[in-house]
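Trainee: I have the sequence and the coordinates open. Can we go through the structure by question and answer?

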Amino acid sequence: MHSSLPEFDMPNDEQVHLAAESFRLLADPTRIRVLWALLQGESSVACLAELAGATPTAVSQHLAKLRLAGLVKGRREGTFVYYSAADDHVRRLLAQALYHADHVDRDLPAGSGHPEPHRPRAS
């Protein structure tokens, strides 16, 4: 059936694995808050902990996992490390996830609104 579709294409196993790993790492509210904050600009662990409502230790552990996955990068300055989102792909991925969540939450039709979400409403 799908072999008759000229534009049909499946990702390779490595692409599927890496995408699934990225989604798995994003399946945590603290990590989403941390990444969203980093999309606003570079930040320290202490500042991210305050913004995410988590302890610095927990945020540091989340950042280590996000860094290994290539979603964030760190810059050392003396004894401090300042983190930022790895690239614009991270912005688009997170923006689309929040945009989708906003549409599901408010029961909006697909395609309505702007794909770059505003801050989600507080629960």
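Mentor: Start with a term: buried means under 20% relative accessible area, exposed over 50%, and partly exposed in between, with a 1.4 Å probe and protein chains only. This is a predicted model, in which local features need pLDDT of at least 70 and side-chain atom pairs count only at pLDDT 80 or more, while totals for chains, interfaces and linings use all residues. Residues are numbered from 1 along each chain as its sequence is written, and side-chain values use heavy atoms, with hydrogens and water left out.

Trainee: Is Ser-43 buried or exposed?

Mentor: Ser-43 sits in strand β1; strands are DSSP runs of E with at least two residues, helices are runs of H or I with at least four, and both are numbered from the N terminus. Its relative accessible area is 8%. Because that is under the 20% limit, Ser-43 is buried.

Trainee: Which residues is Ser-43 in contact with, leaving aside neighbours within four places in sequence?

Mentor: Contact means heavy atoms within 4.5 Å. With those neighbours left out, the list for Ser-43 is Leu-38, Leu-48, Val-81, Tyr-82 and Tyr-83.

Trainee: Which backbone nitrogen lies 3.3 Å from a polar atom of the Ser-44 side chain?

Mentor: Ser-44 is in strand β1, residues 43-44, and counts as buried at 18% relative accessibility. A polar contact is a pair of N or O atoms within 3.5 Å; within protein, one must be able to donate a hydrogen and the other to accept it, and residues adjacent in sequence count only if both atoms are side-chain atoms. The nitrogen at 3.3 Å belongs to Cys-47.

Trainee: How many of the residues of α2 are buried?

Mentor: The buried residues of α2 are Thr-30, Arg-31, Val-34, Leu-35, Trp-36, Ala-37, Leu-38 and Leu-39. The helix is mostly covered, and the buried count out of its eleven residues is eight.

Trainee: Which residue has a side-chain oxygen that reaches the backbone nitrogen of Thr-30 at the start of α2?

Mentor: Two residues flank this part of the chain description. After α2 comes Gly-41, with a positive phi near 150 degrees. At the start of α2, the oxygen that comes to within 2.9 Å of the Thr-30 nitrogen is from Asp-28.

Trainee: What separates the C-alpha atoms of Leu-26 and Leu-94?

Mentor: Leu-26 is found in helix α1 and counts as buried at 11% relative accessibility. Not counting residues up to four places away in sequence, Leu-26 touches Ile-32, Leu-35, Leu-71 and Leu-93. Leu-94 is 68 residues from Leu-26 along the chain, and their C-alpha atoms are separated by 8.6 Å.

Trainee: Which residues are linked in a network of salt bridges?

Mentor: The structure holds five salt bridges. In one of them, Glu-77 pairs with Arg-75, with the closest N and O atoms 2.7 Å apart. Glu-77 is partly exposed at 44%, as is Arg-75 at 35%. The network consists of Glu-42, Arg-75 and Glu-77.

Definitions and conventions. Salt bridge = Lys/Arg side-chain N within 4 Å of Asp/Glu carboxyl O.
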